[in-house]
Structure formats: C-alpha cells, structure tokens
Amino acid sequence: MSILDYWGINMKDPYVDVYKGIEVLANGMIERLPNIPVMAQNIGLKQGEIMEIKIPFGSSYAYRYIGSIEQKEWKIFGLYRGERLINIKPSLILKPNDVILVIGKPSVLMQVYNAIGKSQGQFPMPFGHNLYLYLDMYLQDDQRILNVIDEVKFLHKRLKNGKLIIRITRPTTVGILESIKENFAGNESVEIKMDFHNLGMERLLKSDIRAFDIGMLILTSEMFKNRKKIRHILDLRIPIFKIGEKAVGLGVKRSVVLINDVNSYEQISPVVFDVASQLKTKTKIFNMDPLGENQDKSNLLDHFENLAKIFNEKVEIVSEDKNPIRELKKQENILQILPLKQSMLKPRLSWKFLYTNSDLISFDLSKFNQLLIPVIEE
C-alpha cells in the first residue's frame, strides 16, 4: 500500500510506503524550474542514466550539428523542438530552447549537463578539452620551430582548453629540444611526448586520440605539402589549426571568413564567434561573388549577425563583386576560419587557375594561420 501523507503520519509497516506530500510537491516543482536537469527516476538502475536537458541561449552547444559533437560514454537519442519530436541525424543542428534526451553514465551526463549550461567561449569544447601539437621537426628549421612554439603558447593561453600535448617526432638536435622544454618549464598543463622510433603520424594520432581528450589538432603548414600522407586526419573529426608561414600569435587582429557555400558555413558559424571572443579579435566576413552565382546567402548573413549579438561581438560584412582570393591576400595579421572538407586533401591539377572554389584556393595558401572546422558534407 502507498500513502500520500499530508498529516504527519508516523507508521512503520513493511507493507506500507508513506510518501510525504511536501517532498513530492517539492520534487515536482524542482523539475519545472529552469536550468535543472530532469532525470528518469524509475528506469534502469534508477541512478539517472537518462536525462532531459534544455539548450539555453549562449550555450556552447547551441547551433552545433549533432555530428560534430563528441559523444563519448553518452549519446543524444531524442530531441524536442516546439512540442514536436525531431528525428536524430548527424546533420541536425541544435538550437536554443531545444530539449534533448541523452543516455549514458550518470556521472558523465552531469558533466554534459554542466557543459551545455556554460556560456559561449568554450572552444575547443564540445570537440574535446585539450590542444595537441604534432611537430615533425625534420620538416622545418630551428627558427621556424621556435615560432611555432610561440604560436602554440599563445593559443594555450587564450583558449579555454585543459592541457597542451606536444608530440615531437623525428627530433633533430638536442639544443632545439632543450629550448622547447625551457619554454614550458614549470607549466604543469603542458605535456611533451617524444617519438624516437618514427612510428608514423597515423599510428601516433590514433593512440594519442584515445589517450588524450583532444579538442584541436595543431599542425604546421609544412605538414600539408604531402596531402596524401595526412588524409587520415579527416577521420578524426576534430578541428585543425594550420600554422601559416606568417604566424602572428599576439599580433592577430582579425578572424576572417570567406563565405563559399551556405551549408558548411552555417555549421562553422558558432565557432567563428566563439574563437573570436577568446582570441579577442574582430570578425570580418567576405561575401563576394565575382562569377555572379545565384545562391542566396542573405539568410546566412542574417544568421552571422544574430550570432554576433548573442556573443556580444562586432562583425564586419563586406559584400562586393571583387575577386575574394585577391582581397584575402591583402589582409594582414589574420586568422582565417573555414570548413574542413574532403576535397581539400585531394591532389590538385598543376593549372591552379582552373579552380574557382574559394575554399580550395584559400586552403592552399600557406601565408596565414587557418582554423579548419569539420562539417557534415551533404
């Protein structure tokens, strides 16, 4: 027998369950308060393996495609939007006020709930927590390596990452190794890992991705000269920071976006302002169409402007019919943010003037730093 007690009944009977009315009322009220995780109480182990979470405005998960969210030991299996149940697919984008249903370990779900409730400016989350520099010392001279280290120190300082993992392979001289260690002496948030056996990039990344919660992979532009050798990085599904020949570190002034197609740039739009807010850069968006293509980008530009308001960031939109690559080359002290696509790592024809895809052309430039964000290609 179950009794709902409003009168203070004091009964000890193994066959009677007494529920205090005030406690039942309080529990029901708590579940209806904002910013409170709602857990399924009578399913499975009854420890909260299923949770309902509302996506708030300003969340680092808002405007993210489900396929771009790392779901380790937990999974999104349902989404409610406007009183309707939406089918889950990787290309579905999360929006503020969406209610998601998640399943996983109770302790992990609480971490996910806390991460979703945090405001913007959390990159490299939700891809991962730590930065990872893969440094092949054989590909660049000592001065270039020191410049790369300065760039990585700047990113580690500005971005809200946990640790910086530096994987050094094919070491050259003892002197440059000592210089790298001196740069991070006493910094417990930096781990330097050595590869003296030349195990290969693919093998090392596979093992390190499992060992560390990597949110962004950092590579030098020299690594991209052999595209065939590094095509496997596409399978990692994490952002890649390509350090250009003119790495500027503290001197970076603008985050630049050169819009190409609507689908992929809508996916990376939250990262653009998230990164800009952390690096303290202004955002400049080039909407240029010298070929007169008819793809309507007005909704995408409105989307960028709305996100800028959410992040409290300023955005400059340049809409002209000029050659976008020429305008890009005129820029100084910039970080270009663009989607990471499979076509970028495919072989190119020697006649580059035949290409009109601005993503491919700008990716081939090694002058500036570039942040490549994985997208769902349809």
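These legends describe an overall view and close-up views of the pocket and cavities in a predicted protein model.

The model is predicted, so local features need pLDDT of at least 70 and side-chain atom pairs count only at pLDDT 80 or more, while totals for chains, interfaces and linings use all residues. Residues are numbered from 1 along each chain as its sequence is written, and side-chain values use heavy atoms, with hydrogens and water left out.

**View 1. The whole protein.** Nine helices and 17 strands make up the count of elements; helices (H or I, at least four residues) and strands (E, at least two) are DSSP runs, numbered from the N terminus. The protein has 378 residues, and 49% of them count as buried, that is, under 20% relative accessible area with a 1.4 Å probe and protein chains only.

**View 2. The largest pocket.** A pocket is an open set of points on a 1 Å grid over the protein atoms alone, with protein on both sides within 12 Å along at least five of seven lines; lining residues have an atom within 4 Å of a point. The largest pocket has a volume of about 790 Å³, a volume being the space filled by probe spheres set on the points, which are joined across faces, edges and corners. Its lining has 30 residues, and Glu70, Lys72, Gly128, His129 and Asp213 lie nearest the centre. Two or more lining residues come from each of α2 (106–117) and α5 (201–211), and α2 gives the largest share, four residues. By class, 15 lining residues are nonpolar, seven polar and eight charged. Here Ala, Val, Leu, Ile, Met, Phe, Trp, Tyr, Cys and Pro count as nonpolar, Asp, Glu, Lys and Arg as charged, and the others, Gly among them, as polar.

**View 3. The largest cavity.** A cavity is a set of grid points where a 1.4 Å probe fits but cannot get out. Three cavities of 30 Å³ or more are counted, and the largest holds about 60 Å³. Residues lining the largest cavity include Tyr63, Arg64, Phe127, Gln267 and Pro374. The elements α6 (262–279) and β17 (369–374) each give two or more lining residues, with the largest share, three residues, from α6. Eight lining residues are nonpolar, two polar and one charged.

**View 4. The second largest cavity.** This cavity holds about 40 Å³. Ten residues line the second largest cavity, with Glu151, Phe154, Val252, Leu335 and Asn369 nearest its centre. Both α3 (142–158) and β16 (334–340) give two or more residues to this lining.

Terms used. Buried means under 20% relative accessible area, exposed over 50%, partly exposed in between (1.4 Å probe, protein chains only).
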